[in-house]
Amino acid sequence: MGIPSADWLVRPIGPVDEAEVSAVLAERFGVTGTVHDLGSQQDRNYRVRTETGDYVLKIANPAADPAALRAQCAAVERLADASGLRLPRAHAGVDGEVVQWLSAGGVELVCRLLDYVPGEPIMDSRYLAPPVVARLGELAGRVVAGLADFAGVEQERPQLWDLRNALTVVETLAPHLPDQERAARVLRASRAAHTLLEPFVDRLPVQVIHGDVTDNNVVCEPASDGRRMPVGVIDFGDLGLGWTVAELAVTCASVLHHHGAGPASVLPAVHAFHAVRPLANEEVDALWPLVVLRTSVMVVSGQYDTLLDPGNSYASVALDREWAMFEAAVSVPAEVMTAQLRHALGRPSAQLLPVAEHALLPGLPDDVASLDLSVSSEELHTGRWLAPDAETVLARATLTAGHTAVRTRHGEFRLTRTTVDDSVPAATCALGVELHLTGPAEIRAPWAGTVTRHGDTGVTLHTGGLDLLLDGVDAEVQPGPVVSGRRLGTVAAHEGVRVLGIQLFRSCATGGRPPRFAPPELAAGWLEVCPDPTRLFLALDAPDASSSAPDDAPLSARDAQQAITEAELLERREHSFATVQEHYFETPPQIERGWRHHLVDTRGRGYLDMLNNVTILGHGHPGLGEAVHRQWRRLNTNSRFHYASVVELSERLTGLLPAELDTVFLVNSGSEAVDLALRLAWAATGRQDVVAVEEAYHGWTYASDAVSTSIADNPNALASRPPWVHTVAAPNSYRGRHRGPQSRRYAPEAAARIRELADQGRPLAAFVCEPYYGNAGGMALPDGYLRQVYEATRDVGGLCVADEVQVGYGRLGSHFWGFEQQGVVPDIVTVAKAMGNGHPLGAVITRRDIADAYRTQGYFFSSAGGSPVSSVVGLTVLDALRDEDLQTNAREIGAHLKGRLLELAERHALIGAVHGSGLYLGVEFVRDRESLEPATEETAAICDRLRELGVIVQPTSDRQCVLKIKPPLCLTRRSADVFADALDDVLTHGW
């Protein structure tokens, strides 16, 4: 096979003997030290360690121009003064020159001694988080801004990496590569990209650029969350004149080989670059074609280097990631990415459609109903949207109801396209419409064009750069030119219903057909390339027969702006909703739907809910919804009225508890329940002192907040307790004062404290504790802890309060109540959260004598506590727990999940411990398993990455380093594995 020749093609140099390197260092630079080969694609780099510092001896390729090397050094000096970046500044030799010469293998080579820039490059393909990608874009912007008026490059010359030469490079090298199938793909993509680029080449600003601000040419420092954040730029070997926007294209291309990356992954870099050095419109339009060209050049040059130097492992190991970059770059048409970039920068283009000269379906009836397949659809309830034929079933039902035609909506994020238990977001945005008809309908060409056929029932009408794609046609017309109004055929019948798919597509340079649906992250780009075809068959100015709403236009305009809408809604929340009522995630998805243990955002993205211990039955429970609906229509009032459901619920609750706990108060929340429990203890004992356990949360009312000791919820919790609250150490057997077997000491110490308070004249009214330690991360109390502490409490005349708000109702799997695991019976039990499956409902269950003691305080009343609706909710939840055997599911699925998590702990050092039982679990992250330093920032970042993978989970504990795992009890084995696999992915590939 012949090797091509051109003045910009450079043969890599082989290794230089380290003894020769050391000699040059001493002779030319007066430096002595140890030398280590760092590898390179074409040059040779050696790290030099000395007693006074570290350097890099960079030996340039024989083709290198010494003047260009001096220019690189000058550019670094310019940036060092202006950018604040870490940079490889050059050191002059003993003769005062930064460029020195050495002889190796009979060849004269130039070299320079540069500062070794501390930090680590991103040498692997681990996941890059959006903040890291943004920092790469920021650095690229700072470099081009700093070099904007740099004139140190004396002349232009053809360069391999100058994207102005990209097509020439690809066309020169591609025919000689061993993998000709790949070479042909790269050649086609390059030519298509170049075609898109040609209109702008004379208008793109040119300046001196670094040319290689990539993941491998930045140095990073680990941030507090463990992410590697770029802080400096190295390797100015590609410095030269080039398009300014090419700097950003090179940076974007380098992102694409990283784990989980796709075209939309570069958007943070584009935003960050634009904030430093604003992009002109023509630069935005040129950016993605340049990304395609950059990846194409990398593929062909990488294979070329391995041909010239088969032993160069640095070049050969890069081949796979270079191909990954290329495949990601061409996975979406460049026109789509350009539209997406314009949208992201607030510059959407306005492209008009040709005026339809004839109706597409001239005989279409007037009563065209529109289907609502969105996340907010009222027709798609009780999980019906998960059925593969959901759209067809709903369309037929609408037709059966009396309409003769029904249409879907363009640009709608369809709930029917949502997938669950999938880490890859589904393509949910409709790029066309479907028209369902009960009778025959003829189809005519809305404008003149050329017809082609696809499949048995597909017709495409080509008009200039626009295609009208029709599917479901009994075609009559032959391929070839047609005039406007020409009859194309009729809508084909299938199983008694006629369905016509209609889609418009602005033809792309790469050819092909568009998908029917776009992923949410690229919806805006695809919607610009696939405009709305509805007006071809429906006069949208007329009222829509299917809706009483005045504006039932297609959703493209609204949903294409969904990201802005979500941001605007968040801003409105900040203005009207107290900000101390925090939301999950910095940029939260807008969740508007739930089903079982899944949530769905407004873009149709499905999430696995591993967090929501409130909805114990799961979201959208049909039985609960129907029961509430019936009761609301019948009666809702307060519990002073006499009705059956409040009695039945009270009896059901006492029937689930030991016989002595026979009296129920119904309230609205866990906070109110704990508050009432404490007031009962005060009334029954005539005292007020309470002992609470540290690191616990019990509520926000005055009394429940007073005994809440979690500094995660209130940083001043321990210092701001009222004098009647006393605390004992958190019985944390993993990281507390007593660990492992020594954790048995917590109970006698707490008992001694209780007795000590009594001896000091402050006997307790109550001891309050979660019987299974929730706030610490789902951690069991040491065996016998509550038995000893309850005994001490009762010895001094106090009452024992079990806060079951989080752990009760079968979540442990092994026990219905947490206190059962400790083998004790409390005096007062508080319940909420799971009790109402999200409805505001709580309870306090106690003995009759304790309940009656409240009379000394007056009377108790809760307006909504125990209302008919709340009571029916409580009864329905208990029925579902029993009928669906959810406690057994919690035990079995929880055991499986815990086993998966323990296996992950064996492979990932960040996992310090796995706590809990059933579906009341916690994964604790530590930076060191000996010191147990909490990995707080890492935990938050891991939660962000899990959200990207479709899993909702959040940190807990005072150190915020524990994943709180308390999903609905209907969690399936499949979903448990999805969570474990996602966590494994994050811990393996980064966050």
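How many Å² does the accessible surface of the protein come to, and what percentage of it belongs to carbon and sulfur atoms? The total is about 39200 Å², with 50% on carbon and sulfur atoms (Shrake-Rupley method, 1.4 Å probe; for residues, only the protein chains shown count as cover).

This is a predicted model, in which local features need pLDDT of at least 70 and side-chain atom pairs count only at pLDDT 80 or more, while totals for chains, interfaces and linings use all residues. Residues are numbered from 1 along each chain as its sequence is written, and side-chain values use heavy atoms, with hydrogens and water left out.

**Figure 1. Burial and secondary structure of the protein.** Of its 991 residues, 57% are buried (under 20% relative accessible area, 1.4 Å probe, protein chains only). The protein has 27 helices and 39 strands (DSSP runs: H or I of at least four residues, E of at least two, numbered from the N terminus).

**Figure 2. The open sheet S35-S36-S39-S38.** Four strands lie in this order with antiparallel pairing (pairing requires at least two DSSP bridges). Strands S35 (911-917) and S38 (954-956) are the edges, each pairing on one side only. From one strand to the next the twist averages 30 degrees (axes are lines fitted to C-alpha atoms, for helices over the stretch in contact; angles run from 0 to 180 degrees between N-to-C directions).

**Figure 3. The S36 and S39 pair, with helix H27.** Four bridges join antiparallel strands S36 (residues 920-925) and S39 (residues 962-965). Glutamate 924 stands opposite valine 962 in S39. Helix H27 (residues 973-989) packs on the sheet and touches S35, S36 and S39 (contact: heavy atoms within 4.5 Å). The direction of H27 makes about 165 degrees with that of S39.

Terms used
Buried means under 20% relative accessible area, exposed over 50%, partly exposed in between (1.4 Å probe, protein chains only).
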